[in-house]
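Hi there,

Here is the model I promised to send over. Have a look at it first, and then read on for what turned up.

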Amino acid sequence: MEKLKIAGGYPLKGTVRVSGAKNSAVALIPATILADSPVTIEGLPDISDVEILKGLLEEIGGQVKLSDNEMTVNPSGMISMPLPNGKVKKLRASYYLMGAMLGRFKKAVIGLPGGCHLGPRPIDQHIKGFEALGASVTNEQGAIYLRAEELRGARIYLDVVSVGATINIMLAAVRAKGRTVIENAAKEPEIIDVATLLTNMGARIKGAGTDVIRIDGVDSLHGCRHTIIPDRIEAGTYIILGAAMGDGVLVDNVIPQHLESLIAKLSEMGVYVEAGDDQIFVRSASRLKAVDIKTLVYPGFPTDLQQPFTSLLTRAEGSSMVTDTIYGARFKHIDELRRMNANIKVEGRSAIVSGPIQLQGAKVKASDLRAGAALVIAGLMAEGITEVTGLEHIDRGYSNLVEKLNGLGATVWREAMTEEEVEQLKNT
Ligand code: EPU
């Protein structure tokens with residue numbers, strides 16, 4: 001087991017290139033199951049979620065090649081192998097195997113997904129969608145059993161705007177008979193990316209990126225080549241870091257329109273941010289103004305950037321309120337930031353950050369992926385050495401983090417933990 005060590009407090013400068021989007025990758029890879037011939041996805045990030053999904057496709061008989069961030073999946077030999085346990089538990093997005101396998105084989109057995117603990121994360125809307133398409137869905141000892149004689153298009157109104165449910169229903173519906181309409185669909189860029197891949201595979205989808213998606217089912221889908229979109233959350237993480245410590249940081253390979261809510265908030269704080277075609281330049285300011293943020297579905301402020309943004313707010317003058325309307329309990333990073341001298345109170349779904357505070361290096365633990373990103377940013381802002389444990393969370397979503405940070409002039413390295421440290425960690 002390793003920990004991350006950060007010698008913080010120094011300005012950062014240079015260019016960082018953003019990788020392919022994790023939350024697209026974890027849906028695009030299962031989507032390949034729906035084709036009858038090989039699908040290639042270019043630009044995948046180097047993250048453990050991609051490796052785990054590769055292993056899962058191989059378990060069901062897929063032939064998968066992954067090198068230089070490009071994956072080719074030959075799905076022709078796949079079978080509907082039950083996956084009640086094992087790797088499916090390691091990531092939340094294994095739920096996309098439900099939609100994809102149901103769509104292709106009309107049956108699937110998938111263990112309930114794992115992933116970050118952000119409070120309750122039900123999948124009732126996914127199930128409602130599968131049932132509307134004609135599947136019977138049962139939960140037996142922690143695994144979801146899905147079966148359908150035939151899938152038929154349906155009109156499905158989502159009671160909660162959900163990225164996962166929107167994509168999962170699309171996956172199940174593209175090979176169903178007739179038309180499916182998803183109303184109150186999520187509009188995140190990752191949904192458009194998945195719809196683009198499926199369309200290139202021969203699916204007929206209209207309206208992805210709006211709140212009504214229409215899908216006309218087809219009998220079969222074929223292979224194609226697809227380039228993934230850049231990761232707006234990874235980009236946002238480096239932009240926030242640039243806002244906190246940047247003496248001129250250029251974040252390359254971004255779609256600036258995906259980050260408008262973040263750019264607006266940073267400008268309000270007094271950070272210099274300039275968006276180009278596919279790059280964003282950011283420079284910190286000596287004084288930053290406090291701002292309030294409220295996370296919302298896209299295009300609102302993303303919940304996945306709430307935790308990293310909280311670290312930045314510790315430098316702002318005054319009191320900032322951070323409210324998460326998507327995950328009311330996504331505040332596990334706060335106790336760790338307090339160890340680093342931050343002045344933050346949690347009240348219900350909100351955190352109130354009082355600043356400015358000079359963070360101090362400390363030993364902290366990442367409890368989930370974006371909490372990890374928040375602590376890395378805090379470590380780079382802090383005076384002294386910060387040690388971050390719980391790297392397995394960070395490795396799920398940040399491609400080549402150490403190399404990218406050091407490329408900006410940071411001093412960050414991984415170090416093996418002693419047996420005693422591993423033992424201590426288990427007991428916390
Ligand atoms: N919800 C339900 N029922 C459902 C589905 C969702 O009540 O059937 C609720 C959730 O509990 C939550 C809200 O709806 O309060 C939004 O959940 P959503 O389904 O949109 O989340 P998700 O698809 O499970 C994806 C990302 C998350 C990101 C959220 C919100 C993936 C694999 N994960 O999760 O990413 O926070 O959308 O944008 O795409 C991350 O990258 O760190 C991460 C957690």
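Predicted model: local features only at pLDDT ≥ 70, side-chain atom pairs only at ≥ 80, totals over all residues.

Numbering runs from 1 along each chain as its sequence is written, and side-chain values use heavy atoms, with hydrogens and water left out.

**The ligand site**

There are 24 residues around the ligand, and Ser-162, Gly-164, Asp-304, Ile-326 and Arg-370 come nearest (a residue is near if one of its heavy atoms lies within 4 Å of the molecule). Several helices, as DSSP runs of H or I with at least four residues, each supply at least two shell residues, including H5 (163–173), H9 (303–313) and H11 (369–381). Domain 1 (2–19 + 230–426) and domain 2 (22–227) both contribute to the shell, so the ligand lies between them; the bounds come from an automatic or database domain assignment.

Which atoms of the protein does the ligand meet? Ligand oxygen atoms are 2.6 Å from a side-chain N or O atom of Asp-304, 2.7 Å from a polar backbone atom of Ile-326 and 3.3 Å from a polar backbone atom of Pro-122. (A polar contact here is a pair of N or O atoms within 3.5 Å.) On its own the ligand exposes 820 Å², and the protein buries 91% of that, using Shrake-Rupley areas with a 1.4 Å probe.

Most residues other than glycine have a negative phi, and most peptide bonds are trans. Against that background, the bond from Tyr-298 to Pro-299 is cis, with omega near 5°. Pro-299 sits in the loop between strand S18 (293–295) and H9, where a strand is a DSSP run of E with at least two residues. Gly-355 and Pro-356 are also joined by a cis peptide bond, with omega about 5°.

Lys-106 is in the loop between helix H3 (96–105) and strand S6 (107–111).

Best wishes

Note on methods:
Polar contact = N/O pair within 3.5 Å; in protein donor to acceptor, adjacent residues only side chain to side chain.
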